[in-house]
Amino acid sequence: MSNSSTDDSGPLLGPADIRELAGALGVRPTKQRGQNFVIDANTVRRIVRTAEVRPDDVVVEIGPGLGSLTLGLLEAADRVIAVEIDDVLAAALPSTVAARLPGRADRFALVHSDAMHVTELPGPEPTALVANLPYNVAVPVLLHMLATFPSIDRTLVMVQSEVADRLAARPGNKVYGVPSVKANWYAEVKRAGAIGRKVFWPAPNVDSGLVSLVRRDKPVETSATRDEVFGVVDAAFAQRRKTLRAALAGWAGSAAAAEAALVAAGISPQARGEALTVEEFARIAEMREAGK
């Protein structure tokens with residue numbers, strides 16, 4: 001396919017390329033899958049740069065779509081593994097890669113699957129995750145990938161701005177909640193920039209944000225399992241307005257048992273979930289196990 005003459009995208013896809021590809025495939029982006037394709041090569045380069053993709057990286061990409069970001073990643077990384085659920089898009093991607101970056105095509109692998117069900121990937125272990133995540137499944141997909149592939153050291157995801165705020169929120173912030181705590185279990189999380197609406201086709205009616213997650217050198221120190229800690233987190237935020245003594249009553253067996261676990265963990269029973277760090281949630285989980 002010829003490069004569009006109206007932009008300087010090189011092997012990357014410009015707006016005309018994207019529309020041409022989509023037209024040839026009969027693809028109409030669907031809301032159901034949260035599809036918004038990046039049509040701006042400079043935005044792709046910025047994402048790759050912000051992700052600090054290195055020449056020895058094995059990058060996994062979720063939801064590559066027509067391949068905008070895939071091509072940018074393939075220019076910079078050692079290998080790219082793309083996970084695509086859509087039958088038509090998955091079938092077309094290898095030929096797009098072969099046409100636009102023929103010298104790198106052997107460095108590309110496609111996994112035609114739902115990312116939520118992926119438990120193994122072909123080739124060397126992934127070292128980085130870079131993705132424009134579909135808005136409706138962004139958090140579960142991100143947490144699933146971090147849990148399933150501990151070799152992923154650095155992650156940069158583009159998500160709805162509001163989701164980016166939630167993931168990067170600190171204790172005490174009004175949007176701090178389950179995604180913030182669970183992401184923090186795995187990684188140091190921070191906002192890494194904003195992305196405007198005009199770089200997508202179709203243009204979404206919300207702004208997007210970049211979130212950087214760098215895996216912790218040392219996991220949270222606790223004798224509780226991840227599932228036990230996440231159980232406390234889910235219970236604490238299921239009834240946000242309640243004190244932890246009340247919110248954790250069902251989880252602990254009674255309000256009195258919740259209070260005992262909280263006091264043993266050095267946390268006020270009158271506190272609320274949004275005030276606690278992931279380490280404090282881990283201490284509460286430990287105390288319930290100790291009190292059994």
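1. Contact, as used in this note, means heavy atoms within 4.5 Å. The structure is a predicted model, in which local features need pLDDT of at least 70 and side-chain atom pairs count only at pLDDT 80 or more, while totals for chains, interfaces and linings use all residues. Residues are numbered from 1 along each chain as its sequence is written, and side-chain values use heavy atoms, with hydrogens and water left out.

2. Arginine 215 is found in strand 9; helices (H or I, at least four residues) and strands (E, at least two) are DSSP runs, numbered from the N terminus. With neighbours within four places in sequence left aside, arginine 215 is in contact with Leu146, Phe149, Pro150, Ile152, Asp153, Tyr186 and Ala187. Its relative accessible area is 17%, so arginine 215 is buried; buried means under 20% relative accessible area, exposed over 50%, and partly exposed in between (1.4 Å probe, protein chains only). Arginine 215 and leucine 129 are 86 residues apart along the chain, and their C-alpha atoms are separated by 11 Å.

3. Helix 5 (residues 138-148) is mostly covered, with eight of its eleven residues buried. The buried residues are Ala138, Val139, Val141, Leu142, Leu143, His144, Met145 and Leu146. What covers them includes strand 2 (58-62), strand 5 (128-132), strand 6 (154-160), helix 6 (161-168), helix 7 (178-186) and strand 9 (208-215).

4. Helix 5 and helix 7 pack with their axes 10 Å apart, at an angle of about 20 degrees. Axes are lines fitted to C-alpha atoms, for helices over the stretch in contact, and angles run from 0 to 180 degrees between N-to-C directions. The two helices, helix 5 and helix 7, are therefore roughly parallel to each other; angles under 35 degrees count as roughly parallel, over 145 as roughly antiparallel, 65 to 115 as roughly perpendicular and the rest as oblique. The crossing of helix 5 and helix 7 is left-handed, a crossing being left-handed if the near helix is turned anticlockwise from the far one by less than a right angle, and right-handed if clockwise. Val139, Leu143, Leu146 and Ala147 in helix 5 meet Pro179, Lys182, Ala183 and Tyr186 in helix 7. By class, this contact of helix 5 with helix 7 has seven nonpolar, no polar and one charged residues. In this scheme Ala, Val, Leu, Ile, Met, Phe, Trp, Tyr, Cys and Pro count as nonpolar, Asp, Glu, Lys and Arg as charged, and the others, Gly among them, as polar.

5. Helix 2 (residues 41-50) and helix 3 (residues 68-76) have axes that come within 9 Å and cross at roughly 50 degrees. Helix 2 and helix 3 are therefore oblique to each other, and their crossing is right-handed. Val44, Ile47 and Val48 of helix 2 make the contact with Ser68, Leu69, Gly72, Leu73 and Ala76 of helix 3. The residues of this contact of helix 2 with helix 3 divide into six nonpolar, two polar and no charged.

6. The loop between helix 2 and strand 2 holds valine 53 and glutamate 52. Valine 53 is buried, with a relative accessible area of 14%, whereas glutamate 52 counts as exposed at 54% relative accessibility. Not counting residues up to four places away in sequence, valine 53 touches Val48, Val59, Leu73, Ala76, Ala77, Val130 and Arg154. Phi of glutamate 52 is near 55 degrees, a positive value in a residue other than glycine.

7. A search of the whole structure finds five aromatic pairs; rings of Phe, Tyr and Trp (its six-membered ring) pair if their centres lie within 6.5 Å, and planes under 30 degrees apart count as stacked, over 60 as edge-to-face and the rest as tilted. The rings of phenylalanine 37 and tryptophan 201 have centres 6.2 Å apart and planes at 35 degrees, so this pair is tilted. Phenylalanine 37 lies in strand 1 (residues 37-38) and tryptophan 201 in strand 8 (residues 200-201), so the pair ties together parts that are 164 residues apart in sequence. Tyrosine 186 and phenylalanine 230 form an edge-to-face aromatic pair, 6.3 Å centre to centre with 80 degrees between the planes. Ring pairs also link Tyr176, Phe237 and Phe281 into a cluster.

8. A cis peptide bond joins tryptophan 201 and proline 202, with omega about -10 degrees. Proline 202 is found in the loop between strand 8 and strand 9.
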